[in-house]
Amino acid sequence: TPQSPSTCRTPIGRSRSSRRTSTSPYGWGSSTTRAWCRAKLCTTRWITVASPQYLARRPPLEHPDQLVAHDCLVFVLPRGAPRYWPFRDGNGGTRVIKVSGPLLVDHGEMLLEAALASMGVVQVLPFMVHDLIAEGRLVEVLREHAAPGPPLHALALAGRRTPRVRAFLDLLAETFAQPPWTGESTLPGAS
């Protein structure tokens, strides 16, 4: 059961931020120090997808090692390095595949547009592609090898919160107790 964000007591530190600009935990702005807390909403898993048209013209993709024969669409992390793809290894652990391909970008929507244009295979989080899979525009591959993804958290200012903010955070906790993109309370491959 997720922790209720409205009663969040898990501080994640302080950020310096301006009341006039951002109150971001990333430290943008400069005039006020604020304390932040977070509450886990749900777990996720990494999901690997491609368009049906791409899959029809390429070799079968049944194991992560076969990605070497495929065009992988790769997300670039803020520090400039590619985000390699994790998969379950069959021994209860996770291994990372160093994928490569024709497109490396730092914008998730661009990766999805490229996948929809049949440019290659992409690994994303389920909420990004749930509707596209339901519509048949993308197909999940390597499901049995899916690795746990990052947990989703609600982030809020610590301390005083208005009733509206508390109600919104509680709504998030309730909504993500049963993730809308799966119909499951815990995603396969997630722990």
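In this predicted model, Arg 58 has a relative accessible area of 23% and is therefore partly exposed. Its salt-bridge partner is Asp 71, with the closest N and O atoms 2.9 Å apart. Both residues belong to the loop between helix H1 (52–57) and strand S4 (72–75), and the pair, 13 residues apart, links distant parts of the chain. Asp 71 is likewise partly exposed, at a relative accessible area of 27%.

The side chain of Glu 140 meets that of Arg 45 in a salt bridge with an N to O distance of 2.6 Å. Because Glu 140 lies in strand S9 (residues 139–141) and Arg 45 in the loop between strand S2 (32–42) and strand S3 (47–50), this pair ties together parts that are 95 residues apart in sequence. The relative accessible area of Arg 45 is 5%, which falls under the 20% cut-off, so Arg 45 counts as buried. Glu 140, at 21% relative accessibility, is partly exposed.

Glu 140 also forms a salt bridge with Arg 143, at 3.1 Å from N to O. Arg 143 is partly exposed, with a relative accessibility of 37%. Through shared partners, the salt bridges join Arg 45, Glu 140 and Arg 143 into one network.

The model has five salt bridges in total; those described above are among them:

| Salt bridge | N to O distance |
|---|---|
| Glu 140 and Arg 45 | 2.6 Å |
| Arg 58 and Asp 71 | 2.9 Å |
| Glu 140 and Arg 143 | 3.1 Å |

How values were computed. Residues are numbered from 1 along each chain as its sequence is written. This is a predicted model: local features need pLDDT of at least 70, side-chain atom pairs count only at pLDDT 80 or more; totals for chains, interfaces and linings use all residues. Side-chain values use heavy atoms; hydrogens and water are left out. A salt bridge is a side-chain nitrogen of Lys or Arg within 4 Å of a carboxyl oxygen of Asp or Glu. Helices (H or I, at least four residues) and strands (E, at least two) are DSSP runs, numbered from the N terminus. Buried means under 20% relative accessible area, exposed over 50%, partly exposed in between (1.4 Å probe, protein chains only).
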